[in-house]
Amino acid sequence: MTDLSPIAVFLGEPAPLGEEDTYEDLEQKWGLQLPQDFKDLTVAYGDDSIAGYLVIFGPRTFRDGHPESMRKTLEASPSIPHPILPSKGGMLHWGHTPYSDQLFLVPRPDGRWTVSVWVRIHGEWIDYELTCVEWLRGALAEEVSTEWLPAWEGSFD
């Protein structure tokens, strides 16, 4: 289980887990094991928008097929440098901003999955050497360079 307390400082305690909050069916369908920190984060805080600032996909969104349905469109873009799951070896599309910036987790040769972002307004691809939990905590704490993210005011309530 991933320690989500650094995220809870900003977003509060996660809702209790339900039986449908699992990625087992998707992992079996795609023939891979998703990173545990991603699963823990998105079960706790996914399927929702963080104060209109960032949408994080969760089990319900994946079960409904939304990220998978966007795969062909995103792969057709010359700005997206890798295939997207469920394409073999693809990266995981896991969220977006209100400005259509797209968040991905890219599998690395060392077994880690790190955050990469396509920033639409700049037409720029940005790689971060951080896991999704590390990146989100750093973004919320304004410790990670994310000037492309929308500004927010006040709390994340």
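# Aromatic pairs, sheet and cores

User: How many aromatic pairs are there?

Analyst: Rings of Phe, Tyr and Trp (its six-membered ring) pair if their centres lie within 6.5 Å, and planes under 30 degrees apart are called stacked, over 60 edge-to-face and the rest tilted. The model is predicted: local features need pLDDT of at least 70, side-chain atom pairs count only at pLDDT 80 or more, and totals for chains, interfaces and linings use all residues. Residues are numbered from 1 along each chain as its sequence is written, and side-chain values use heavy atoms, without hydrogens and water. By this rule, the number of aromatic pairs is eight.

User: Which kind of pair do the rings of Y23 and F38 make?

Analyst: Y23 sits in the loop between α1 (5–11) and α2 (24–30), and F38 lies 15 residues away in helix α3; helices (H or I, at least four residues) and strands (E, at least two) are DSSP runs numbered from the N terminus. The ring centres of Y23 and F38 are 5.3 Å apart and their planes stand at 50°, so the pair is tilted.

User: And which kind do Y23 and F62 make?

Analyst: This pair also links distant parts of the chain, with F62 in helix α4 (residues 59–63), 39 residues apart from Y23. The centres of Y23 and F62 are 5.8 Å apart with planes at 70°, so the pair is edge-to-face.

User: Is Y23 buried or exposed?

Analyst: Here buried means under 20% relative accessible area, exposed over 50% and partly exposed in between (1.4 Å probe, protein chains only). Y23 belongs to one aromatic cluster with F38, F57 and F62. With a relative accessible area of 3%, Y23 is buried.

User: What is the strand order of the six-stranded sheet?

Analyst: Two strands pair if DSSP finds at least two bridges between them. The six strands form an open sheet with antiparallel pairing, in the order β1-β2-β3-β4-β5-β6.

User: Which are its edge strands?

Analyst: β5 (residues 113–119) pairs with β6 in the antiparallel sense over four bridges, and V119 stands opposite E124 in β6. The strands that pair on one side only are β1 (48–50) and β6 (124–127).

User: At what angle does helix α6 run to β2?

Analyst: Axes are lines fitted to C-alpha atoms, for helices over the stretch in contact (heavy atoms within 4.5 Å), and angles run from 0 to 180 degrees between N-to-C directions. Helix α6 (residues 132–140) lies across β1, β2, β3, β4 and β5. Its angle to β2 is about 160°.

User: How many of the nine residues of α6 are buried?

Analyst: Among the buried residues of α6 are W135, L136 and A139. The helix is largely enclosed by the rest of the structure, because the buried residues number seven.

User: Which residues touch the most other members of the largest nonpolar core?

Analyst: A nonpolar core is a set of buried Ala, Val, Leu, Ile, Met, Phe, Trp, Tyr and Cys residues joined through side-chain atoms within 4.5 Å. The largest has 39 residues, and its largest share, six residues, comes from α6. Beyond four places in sequence, W94 contacts residues including F38, F57, F62 and W135. The members that touch the most others are W94 and W135.

User: Is R71 buried or exposed?

Analyst: R71 is found in helix α5 (residues 66–76). Leaving out residues up to four places away in sequence, R71 touches I84, L85, P86 and S87. Its relative accessibility is 19%, so R71 counts as buried.
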